[in-house]
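Please look over the sequence and the model shown here, and then read the notes that follow, which are grouped by topic.

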Amino acid sequence: MATTQLTAAASSISAKGFTPFGGLRASNAVKVSSFSPLNLNGEAHRSFRGLVVKAATTVAPKYTSLKPLGDRVLVKIKAAEEKTSGGILLPTTALSKPQGGEVVAVGEGRTIGKNKVEISLKTGTQVVYSKYAGTEVEFDGSNHLILKEDDIVGTLDTDDIKDLKPLNDRVLIKVAEVEEKTAGGLFLTDASKEKPSIGAVVAVGPGRLDEDGVRKSLSVAPGNTVMYSKYAGNDFKGSDGSDYIALRASDVMAILS
């Protein structure tokens, strides 16, 4: 039986028919590098390799300034690492989404109760933010992120996450090592090793703002061994290979001693 296979290499679907609004225009929405439909014998052979969705909004070149409003911050995204620490080039699929960048503009702050609360961050500060926070914007030839100050986990002046200075009610925890054996002395396989939810507090933020805009100090402190919610926060890898997690103080369930 004759078989027909259609392959469209590096074809793209652009956002045609959408009128630019206020200088903002959608980038090419979908890029398909490989596609195979059904064969004539009725068997489905699907291939969607290279499917990329680009959600960034592009600001027209005629606009030279972007000023965040309220408690929002504009961050220039740090480029993704293209090599491992050993110098091995990473394929595009293995590049991790950056979670850091430089503050390039800040809003005027917000009002809580009767108090005006200014943004604590200054331009030029290197920050780490929540993985899925904010809106990505292509501006002045670079990728930026507009996000609320509360979505920023902390400031980081080095390349090692252990030096993170948490903001607001965030807590930085060094995760305890995974147990290699059961209580009976049996070695655990990688698949059966349970993700730890215990660790040592490395640094804490200044505390959250209450309804009147007053800082409330946190109930945990550096050096505490704590138990935290298993699926909370943002995971990071330290330069020494240790695992760290940054989460809100409300996700810490108990102090162990």
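At 42% relative accessibility, Lys216 counts as partly exposed, the classes being buried for under 20% relative accessible area, exposed for over 50%, and partly exposed in between, computed with a 1.4 Å probe on protein chains only. Its partner in a salt bridge is Asp210, with the closest N and O atoms 3.8 Å apart; a salt bridge here is a side-chain nitrogen of Lys or Arg within 4 Å of a carboxyl oxygen of Asp or Glu. Asp210, at 11% relative accessibility, counts as buried.

This is a predicted model, in which local features need pLDDT of at least 70 and side-chain atom pairs count only at pLDDT 80 or more, whereas totals for chains, interfaces and linings use all residues. Residues are numbered from 1 along each chain as its sequence is written, and side-chain values use heavy atoms, with hydrogens and water left out.

**Salt bridges**

- The structure holds nine salt bridges, and Asp71, Arg110 and Lys148 are linked in a network of them.
- Lys148 forms a salt bridge with Asp71, in which the closest N and O atoms are 3.4 Å apart. Because Lys148 lies in strand 12 (residues 142-148) and Asp71 in the loop between strand 5 (57-59) and strand 6 (72-77), the pair ties together parts that are 77 residues apart in sequence; strands are DSSP runs of E with at least two residues, numbered from the N terminus.
- Lys148 is partly exposed, with a relative accessible area of 36%, while Asp71 is buried, with a value of 12%.
- The side chains of Arg248 and Asp169 also meet in a salt bridge (2.9 Å, N to O). This pair links distant parts of the chain, with Arg248 in strand 21 and Asp169 in the loop between strand 14 and strand 15, 79 residues apart.
- Arg248 is partly exposed at 23% relative accessible area, and Asp169 counts as buried at 11%.

- Asp160 lies in the loop between strand 13 and strand 14. Asp160 is buried yet has no salt bridge, and the nearest side chain of opposite charge, Lys162, is 4.3 Å away; Lys and Arg count as positive and Asp and Glu as negative, while His and the chain ends are not counted.
- The side chain of Asp160 makes a polar contact with the side chain of Ser239 (2.5 Å), a polar contact being a pair of N or O atoms within 3.5 Å, where within protein one must be able to donate a hydrogen and the other to accept it, and residues adjacent in sequence count only if both atoms are side-chain atoms.

- Six strands form an open sheet in the order 20-21-15-16-19-22, and the pairing is antiparallel; two strands pair if DSSP finds at least two bridges between them.
- Strand 20 (234-237) and strand 22 (252-256) stand at the edges, each with a single partner strand, so one side of each is left without a neighbour in the sheet.
- Strand 15 (residues 170-175) and strand 21 (residues 243-248) pair in the antiparallel sense over five bridges, and Ile173 stands opposite Ile245 in strand 21.
- Strand 10 (residues 126-129) and strand 13 (residues 152-155) run antiparallel and are joined by three bridges, with Tyr129 opposite Ile152 in strand 13.
- Strand 13 also pairs with strand 14 (residues 165-166) in the antiparallel sense over two bridges, where Thr155 stands opposite Lys165.

Terms used:
Helix = DSSP H or I, 4+ residues; strand = E, 2+ residues; numbered from the N terminus.
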